[in-house]
Amino acid sequence: MNTHQLDAKGLKCPMPVINLQNLARQVSNGDRIDIVCTDPSAEKDIRSWCRINKHQFLTAQTLNSTWLISIKLK
């Protein structure tokens with residue numbers, strides 16, 4: 001399992017999810033993606049994207065208006 005980073009700071013929805021979808025197409029099943037973003041609605045959108053695409057939503061943490069969201073691709 002590899003871990004990939006996605007920097008989506010400063011992007012407004014739907015761009016964090018679009019960038020996540022593009023990265024997900026380039027990496028392997030079982031890989032982890034850590035997304036750093038500043039749009040508070042991105043957490044809900046990424047959680048929904050995971051559910052629809054059957055990926056595993058691992059964690060969501062916020063610190064000083066920055067979110068760190070981790071998912072695992074199925």
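Here's a quick walk through this predicted model, from its overall layout to its core. Local features need pLDDT of at least 70 and side-chain atom pairs count only at pLDDT 80 or more, while totals for chains, interfaces and linings use all residues. Residues are numbered from 1 along each chain as its sequence is written, and side-chain values use heavy atoms, with hydrogens and water left out.

Let's start with the layout. The chain has two helices and four strands, read off as DSSP runs (helices are H or I, at least four residues; strands are E, at least two) and numbered from the N terminus. Follow the sequence and you get β-α-β-α-β-β.

Next, the overall size. The C-alpha atoms fill a box of roughly 30 × 20 × 20 Å along the principal axes. A compact globule of 74 residues would have a radius of gyration near 11 Å, and the chain agrees, with 11 Å. That radius is taken over C-alpha atoms, and the globule rule is 2.2 Å times the number of residues to the power 0.38.

Now look inside. Of the 74 residues, 36% are buried, meaning under 20% relative accessible area with a 1.4 Å probe, protein chains only. The largest nonpolar core has 19 residues; such a core is a set of buried Ala, Val, Leu, Ile, Met, Phe, Trp, Tyr and Cys residues joined through side-chain atoms within 4.5 Å. Two or more residues each come from β1 (3-8), α1 (15-24), β2 (32-37), α2 (42-53) and β4 (66-72). Ile46 is among the residues with the most contacts inside this core. Leaving out residues up to four places away in sequence, Ile46 touches Val17, Leu20, Ile35, Phe57, Ile69 and Ile71, where a contact means heavy atoms within 4.5 Å.

Conventions. Buried means under 20% relative accessible area, exposed over 50%, partly exposed in between (1.4 Å probe, protein chains only).
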